[in-house]
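Open your viewer and get ready to select residues by number. We will go from stop to stop, and at each one you will hear what to pick and what is there.

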Amino acid sequence: MRRFSLLCALAILFAPSAGSSQQASGGGPYSVIKTAKVGGAGGFDYVYADAASRTLYVNRRGMPPAVTLYNLDTLAPAGRIPDVNGHGVAVDAPSNHAFTSSKPVVMWDTKTLMPLKNIEVGGNPDGIFYDAFNRRVYILSHVAPFATVIDAASGDVAGTIDLGGAPEQAVSDGKGHVYVDIEDKANVAVVDAKTMAVTAHYDLTGQGGTCAGLAFDAKNRILFAACRNPQNMVVVGADDGKILATLPIGRGTDGAVFNPATMEAFSAQVDGTLTVVKENSPTDFVVEQTVQTIPSAKTLTLDAKTNNIYLIGAEFPPAPPRPAQGGQGNPNPMIPDSFTILVVGKK
């Protein structure tokens with residue numbers, strides 16, 4: 001996902017894109033059930049829910065930078081890792097090690113919040129992903145090396161991977177395969193987690209481009225690639241790359257997640273919408289609902305305990321007119337202390 005700086009995205013309209021088959025927020029089971037305007041300075045990008053420890057991690061980039069922690073149930077402040085100018089967080093529960101995609105990558109103890117190690121990496125760290133299969137952390141970069149792989153127990157660099165383009169989000173099947181959507185190539189890269197070699201690229205050309213979100217149904221081995229141009233969620237077989245369905249989503253997706261408990265994939269968009277795709281069967285997928293959130297809330301995370309979705313956003317002055325399928329940026333600064341955490345759940 002592209003970082004969300006102080007000059008970040010704002011949508012003018014709350015409605016879904018014209019021609020979409022999406023439903024209004026009242027037409028489905030989900031709504032925004034809680035908000036917390038936690039404020040603070042600095043831009044933002046990823047949000048990560050550690051369901052086991054009931055901790056929500058949010059990186060704030062700016063003046064001064066920090067990783068901020070919140071109680072996942074109450075949204076009360078729960079700690080702070082100062083002076084870390086990163087994008088996202090990954091946690092290895094067995095070692096109590098947490099990592100942020102920064103340069104250098106910072107590793108700290110989740111119990112004491114004390115820094116343990118600075119890990120030098122190349123490129124421009126952005127996305128981050130933890131693979132429980134072999135307890136490795138993937139640091140994703142839009143420039144080479146496109147992925148740096150770190151051993152979560154030791155904090156040592158295990159190697160780098162040439163993904164063939166700019167990665168956005170990664171998922172794992174838990175059996176030795178990692179999938180990464182490549183934003184500038186309209187494909188999904190398949191990685192052997194043991195050898196760190198790319199074994200395939202699943203082409204999405206014409207169905208979805210500039211893909212910035214990726215979710216995975218491990219049971220049925222189905223990928224959900226959330227793309228910006230065209231604005232589609234492309235449903236793909238994980239074993240052969242076959243496109244199973246293409247469904248419309250809102251403008252400016254920057255993250256996706258799948259909930260196996262409800263068999264639903266979610267895509268967050270900068271235009272203030274959250275698209276919910278229901279997997280009725282491994283061959284039947286529909287847009288179940290479009291939930292109105294707030295403009296700029298384009299990244300998300302799942303709390304696997306409550307099945308709630310958490311998003312982050314802020315208030316901005318209106319953006320100037322923009323062409324269709326245009327970029328994400330808004331030249332206006334964020335309104336001070338407007339940073340907000342949203343919780344979406346069933347009514």
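## Stop 1: Thr160 and its surroundings

Select Thr160: leaving aside its neighbours within four places in sequence, Thr160 is in contact with Pro145, Ala147 and Thr148, where contact means heavy atoms within 4.5 Å. Before you go on, note that this is a predicted model, in which local features need pLDDT of at least 70 and side-chain atom pairs count only at pLDDT 80 or more, while totals for chains, interfaces and linings use all residues. Residues are numbered from 1 along each chain as its sequence is written, and side-chain values use heavy atoms, with hydrogens and water left out.

Thr160 sits in strand S13 (residues 157–161). Strands (E, at least two residues) and helices (H or I, at least four) are DSSP runs, numbered from the N terminus. Is Thr160 buried or exposed, or in between? With a relative accessible area of 49%, Thr160 is partly exposed; buried means under 20% relative accessible area, exposed means over 50%, and partly exposed is in between (1.4 Å probe, protein chains only).

Thr160 and Ala144 are 16 residues apart in sequence, and their C-alpha atoms are 9.2 Å apart in space.

## Stop 2: Two cis peptide bonds

Stay with Ala144 and look at its link to Pro145: this peptide bond is cis, with omega about -5 degrees. Pro145 belongs to the loop between strand S11 (136–141) and strand S12 (147–151).

Next, select Asn229 and Pro230. They too are joined by a cis peptide bond, with omega near 0 degrees. Pro230 lies in the loop between S19 and S20. As background, most peptide bonds are trans, and most residues other than glycine have a negative phi.

## Stop 3: Two positive phi values

Which phi does Leu113 have? Leu113 is not a glycine, yet its phi is positive, near 65 degrees. Look for Leu113 in the loop between S8 and strand S9 (115–119).

Then move to Met196, another non-glycine residue with a positive phi, of about 60 degrees. Met196 is in the loop between strand S16 (187–192) and strand S17 (197–203). Its relative accessibility is 17%, so Met196 counts as buried.

## Stop 4

Select strands S18 to S21. These 4 strands form an open sheet in the order S18-S19-S20-S21, with antiparallel pairing; two strands pair if DSSP finds at least two bridges between them. Strands of a sheet pair through backbone hydrogen bonds, either parallel or antiparallel.

Which strands stand at the edges? They are S18 (211–217) and S21 (243–248); each has a single partner strand, so one side of each is left without a neighbour in the sheet. Zoom in on S20 (residues 232–237), which is joined to S21 by 5 bridges. There, Val236 of the structure stands opposite Ile243 in S21.

Now show the side chains of Cys211 and Cys227. A disulfide (a pair of cysteine sulfur atoms within 2.5 Å) joins them, with 2.1 Å from S to S. The count for the model is 1 disulfide. Cys211 is in strand S18 and Cys227 in strand S19 (residues 222–227), so the pair ties together parts that are 16 residues apart in sequence. The torsion about the S-S bond is about 80 degrees, so the disulfide is right-handed. Cys211 is buried at 0% relative accessibility, and Cys227 is buried with a relative accessible area of 0%.

## Stop 5: Aromatic rings

Finally, show the rings. Rings of Phe, Tyr and Trp (its six-membered ring) pair if their centres lie within 6.5 Å; planes under 30 degrees apart count as stacked, over 60 as edge-to-face and the rest as tilted. How many aromatic pairs are there? The count comes to 8.

Select Tyr57 and Trp108: their ring centres are 6.3 Å apart and their planes are at 55 degrees, so the pair is tilted. This pair links distant parts of the chain, 51 residues apart, with Tyr57 in strand S3 (residues 55–61) and Trp108 in strand S8 (residues 105–109). Tyr57 is buried, at 2% relative accessible area, and Trp108 is buried at 0%.
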